[in-house]
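Tutor: Let us work through this chain by question and answer, settling each term when it is needed.

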Amino acid sequence: MFPHIASVIDLGYNAFLLQYRPNFADAWSNLASAYTRNERLTEAAQCCRQALLLNPHLVDAHSNLGNLMKAQGLVQEGWNSPLCLE
């Protein structure tokens, strides 16, 4: 019926959660996934980077950011990223 309704709910929930727990890396990563499902790739990448600043070992955020960079043709930039070199 509404293919992206779950994504819209995810966007709202994670944005709400981050108002109260702005240092919750998993919520940033989940918000990135919701943005990706809504084809908002710039916002998704920003959320991935925020998640990785808070928790550099968060595998989902690394994977999501890598997939976003690949989708945007930024593979080489991804390998040269400071986050990749840690």
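Tutor: A residue is called buried when its relative accessible area is under 20%, exposed when it is over 50%, and partly exposed in between, with a 1.4 Å probe and only protein chains taken into account. The model is predicted, so local features need pLDDT of at least 70 and side-chain atom pairs count only at pLDDT 80 or more, whereas totals for chains, interfaces and linings use all residues. Residues are numbered from 1 along each chain as its sequence is written, and side-chain values use heavy atoms, with hydrogens and water left out.

Student: Does Val59 count as buried or exposed?

Tutor: Val59 lies in helix H4, where helices are DSSP runs of H or I with at least four residues, strands are runs of E with at least two, and both are numbered from the N terminus. Its relative accessibility is 60%, and because that value is over 50%, Val59 counts as exposed.

Student: How far apart in space are Val59 and Ser29, C-alpha to C-alpha?

Tutor: Along the sequence, Val59 and Ser29 are 30 residues apart. From C-alpha to C-alpha, their separation in space is 9.6 Å.

Student: Is Ser29 buried or exposed?

Tutor: Ser29 is found in helix H2, and, leaving aside neighbours within four places in sequence, it is in contact (heavy atoms within 4.5 Å) with Ala51, Leu58, Asp60, Ala61 and Asn64. The relative accessible area of Ser29 is 3%, and because this is under 20%, Ser29 is buried.

Student: Which residues does Asn64 touch, not counting those up to four places away in sequence?

Tutor: Asn64 lies in helix H4, and its C-alpha atom is separated by 7.7 Å from that of Ala32, which is 32 residues apart from it along the chain. With residues up to four places away in sequence not counted, Asn64 touches Ser29, Ser33 and Cys48.

Student: Are H2 and H4 roughly parallel or roughly antiparallel to each other?

Tutor: The axes of H2 (residues 25–37) and H4 (residues 59–71) come within 9 Å and cross at roughly 30°; axes here are lines fitted to C-alpha atoms, for helices over the stretch in contact, and angles run from 0 to 180 degrees between N-to-C directions. The contact is made by Ser29, Ser33 and Thr36 of H2 and by Asp60, Ala61, Asn64 and Leu68 of H4, which divide into two nonpolar, four polar and one charged. For these classes, Ala, Val, Leu, Ile, Met, Phe, Trp, Tyr, Cys and Pro count as nonpolar, Asp, Glu, Lys and Arg as charged, and the others, Gly among them, as polar. Angles under 35 degrees count as roughly parallel, over 145 as roughly antiparallel, 65 to 115 as roughly perpendicular and the rest as oblique, and therefore H2 and H4 are roughly parallel.

Student: Is the crossing of H2 and H3 left-handed or right-handed?

Tutor: The axes of H2 and H3 come within 8 Å and cross at roughly 165°, and the two helices are therefore roughly antiparallel. A crossing is left-handed if the near helix is turned anticlockwise from the far one by less than a right angle, and right-handed if clockwise. For H2 and H3, the crossing is left-handed.

Student: How many nonpolar residues does the contact of H3 with H4 have?

Tutor: H3 (residues 41–54) and H4 pack at an angle of about 150°, with their axes 9 Å apart. Among the residues that meet there are Leu41, Ala44 and Leu52 in H3 and Ala61, Leu65 and Met69 in H4. By class, this contact has one charged residue, two polar ones and, as nonpolar residues, ten.

Student: What is the phi of Glu39, which is not a glycine?

Tutor: Glu39 has its place in the loop between H2 and H3, and with a relative accessible area of 68% it is exposed. Although Glu39 is not a glycine, its phi is positive, at about 60°.

Student: What share of the residues of the chain count as buried?

Tutor: The chain has six helices and zero strands. Of its 86 residues, the share that count as buried is 30%.
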